[in-house]
Amino acid sequence: MKKRHVSWLYAELPGLVGGGVLDAAAAERLRAHYGPVPAASGRRVALTVCSILGAVLVGAGIILLLAHNWSGLSRAARTVVALAPLAVAQGLAVFGAWRGRGSIAWREGVGIFLCLAVAAAIALVGQTYHIPGDLGGFLLVWAALILPAVYLLDAVLPAVLYLAAITGWAGYAQSVAGQALGFWPLFALAAPFAWQTARRDPYSPKALVLEWAAAIVLCIATGISLEKVLPGLWIVVYAALLPVLFLAGTYWFDEGEGFASKPLQFVGGTGVAVLALLLTYDWPWHAIGWSHWRYLERCHAGAAWVDYLLAAALPAGAAVLSVMAVRRGHPWRLLYGALPLPAVAGYAYAAATGHAELPVLLFNVYLLALGVGTLVWGVRSARLGVVNAGMLIVAALVVARFFDEDLGFVARGVAFIALGLGFLVTNLVLLKRMKTGGAA
Amino acid sequence: MNIPSRWVVPGLAALALVQLAVPASMILRREATLRTGVALRFRTAPVDPYDAFRGKFVALGIDPADAAVAGGGEVAGGQRLYAVIATDTNGFASVARLERRRPAAGDYVAVRALYGGASGRLRLQWPFDRYYMAEEDAPRAEAAYRAHSRRGAQDAFVTVRVRRGFAVLENLHVGGVPIAEYLRREQP
């Protein structure tokens, strides 16, 4: 049973005993069965953060002190200086593991120190021998050398560094007219660790940090890895990826409190609204489709199969998750799951005709429905954050259209006042409902 | 996947060896080249003043910057080629020809074609394009390198050690002396 569930149960026991639901002996048996609740997570998080900051600062300070006298050192001395922090970090890791794996704070601190020491060693040797810069090669080697430490130390911050390294590598590979398909197998190498961490407790600080990192990295790296020989396909891919993230979060990871405990929902939901707003303009719909196929040297048609695979698989995934959400009794989530529909329809129309009016209209309607639907969902479930999100979406759409149209100051002023009054009135109504016993 | 506890210590020890092996192999190969490789001198080419110094190193332009592929034909951007080295009357390296395969004998350096092309001369990417300097020496090193790399006043050059096509930059010379020596002499 998860720690927070045990904490909740223990908090309930005095009331249950006092109300005669359980006797004191039964309450004691429950406490004996589940055992003591570990120390307050806030304290552990503080310890872990201090350990990490300490490791990073000590490592950086050592490098800075040695760099001050770098030019006076022989090559042999520089080699020792380059490898010494790495040897120390490795020694600490082995020592800690030999003594029994250590606390989370120790493992995270040593893990970060080890990752930075690996990078520093390679970089300092490169400086000593004037090795030409190859940022892509450096990031790839660094990622390969720190990935095993992620599993062996069971530390999440090295995993975050690994994700950052492979994303950086993908960006570099694409920028030098290569292709970045290698990102996906590299990402898959970290997947077992992410799965294992989430399975233990998906709402632990460790798991949440990893989920946030993975969600953000996926959003960035998907766009980087697209080969883009077929212009505009990114619209379909992102219009499916973001709902998949949102729906997966609401289906499997919806018990957390607060937006920090819902990374997939936040990244996916915000992404859906932002993407839909972008697609209410006409510029994304120009020059897309088969008639604008790119034959540039830097575009590799052979690597474009990933574009097609994502454009097919992600909308299918969004459809499946939408059906699952409806079956679970959450029809409001269809608002977000439906984003691929206007995207695919708009893409097909713009590609076939070269015109943007219909896709623009489709997305204006969709975004309005998304905003109003989110607002209604928030009102019905008495969730102020959701209500405000819905109002924000509607406001963004109205403001965007107002700046598009040739309207005078008076009309815009009235609209802003109306929007502001709308926010205030809605919040007052909701607060009143909550006070008179609306659902929490 | 959960790593069993009994595997963690041996796993970390093995990882430590691999992590040390990467920089160690970089060092050993370059040390062997510096000790036993053939010494060559390459003139440095004029540089764009905006690129002459980035961070802690001097960006080098190497002369010759281009050469022709023996036998002509299509070359892809980034393709590895082998620059067969000849020495001119002043003792500076020049490229006799570019080969697609590793030569069986002689002095040569593995290079890459900067851009693809059908025939004619190709822009070369030499495996030594930067010289790292201590940060406090950077501004004066930059000024010295630029002054001695201008067209009509090029007397800067680099010494490189080459062994079986693998090249390691040994030193940057300005005004006939190593850059460190030049900066010491010019120190106010």
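Author: Helices (H or I, at least four residues) and strands (E, at least two) are DSSP runs, numbered from the N terminus. The model is predicted: local features need pLDDT of at least 70, side-chain atom pairs count only at pLDDT 80 or more, and totals for chains, interfaces and linings use all residues. Residues are numbered from 1 along each chain as its sequence is written, chains are lettered from A and ligands numbered from 1 in the order in which they are written, and side-chain values use heavy atoms, with hydrogens and water left out.

Reader: Why is Lys228(A) called partly exposed?

Author: Buried means under 20% relative accessible area, exposed over 50%, and partly exposed in between (1.4 Å probe, protein chains only). The relative accessible area of Lys228(A) is 35%, so Lys228(A) is partly exposed.

Reader: Why does Ala287(A) count as partly exposed, and where is Ala287(A) placed?

Author: The relative accessibility of Ala287(A) is 49%, so the residue counts as partly exposed. Ala287(A) belongs to the loop between helix H11 (263-278) and helix H12 (305-327) of chain A, and its phi, near 55°, is a positive value in a residue other than glycine.

Reader: Why is His130(A) called buried?

Author: His130(A) has 8% relative accessibility and therefore counts as buried. His130(A) is found in the loop between H5 and H6 of chain A.

Reader: Which residues is His130(A) in contact with, leaving aside its neighbours within four places in sequence?

Author: Contact means heavy atoms within 4.5 Å. On that basis His130(A) is in contact with Arg130(B), Tyr131(B), Tyr132(B) and Leu169(B).

Reader: How many residues does each chain give to the contact, and how much area do chain A and chain B bury?

Author: Chain A gives 35 residues and chain B 32 residues. Buried area is the accessible area (1.4 Å probe) that two parts lose on being put together, summed over both. Chain A and chain B bury about 3000 Å² between them, 69% of it on carbon and sulfur atoms. Tyr129(A), His130(A) and Leu152(A) supply 23% of the area that chain A buries against chain B, more than any other three residues.

Reader: What makes the pair Glu31(B) and Arg75(A) a salt bridge?

Author: A salt bridge is a side-chain nitrogen of Lys or Arg within 4 Å of a carboxyl oxygen of Asp or Glu. The side chains of Glu31(B) and Arg75(A) meet at 2.7 Å, N to O, in a salt bridge. Across the interface of chain A and chain B the rule finds one salt bridge.

Reader: Why is chain B described as more spread out than a compact globule?

Author: The secondary structure of chain B comes to three helices and 15 strands. Its radius of gyration is 20 Å, well over the 16 Å that the globule rule gives for 188 residues, so chain B is more spread out than a compact globule. The radius is taken over C-alpha atoms, and the globule rule is 2.2 Å times the number of residues to the power 0.38. The C-alpha trace of chain B spans about 70 × 55 × 35 Å along its principal axes.

Reader: Why does Ser94(B) count as partly exposed?

Author: Ser94(B) has 26% relative accessibility, so it counts as partly exposed. Ser94(B) lies in strand E7 (residues 93-99) of chain B.
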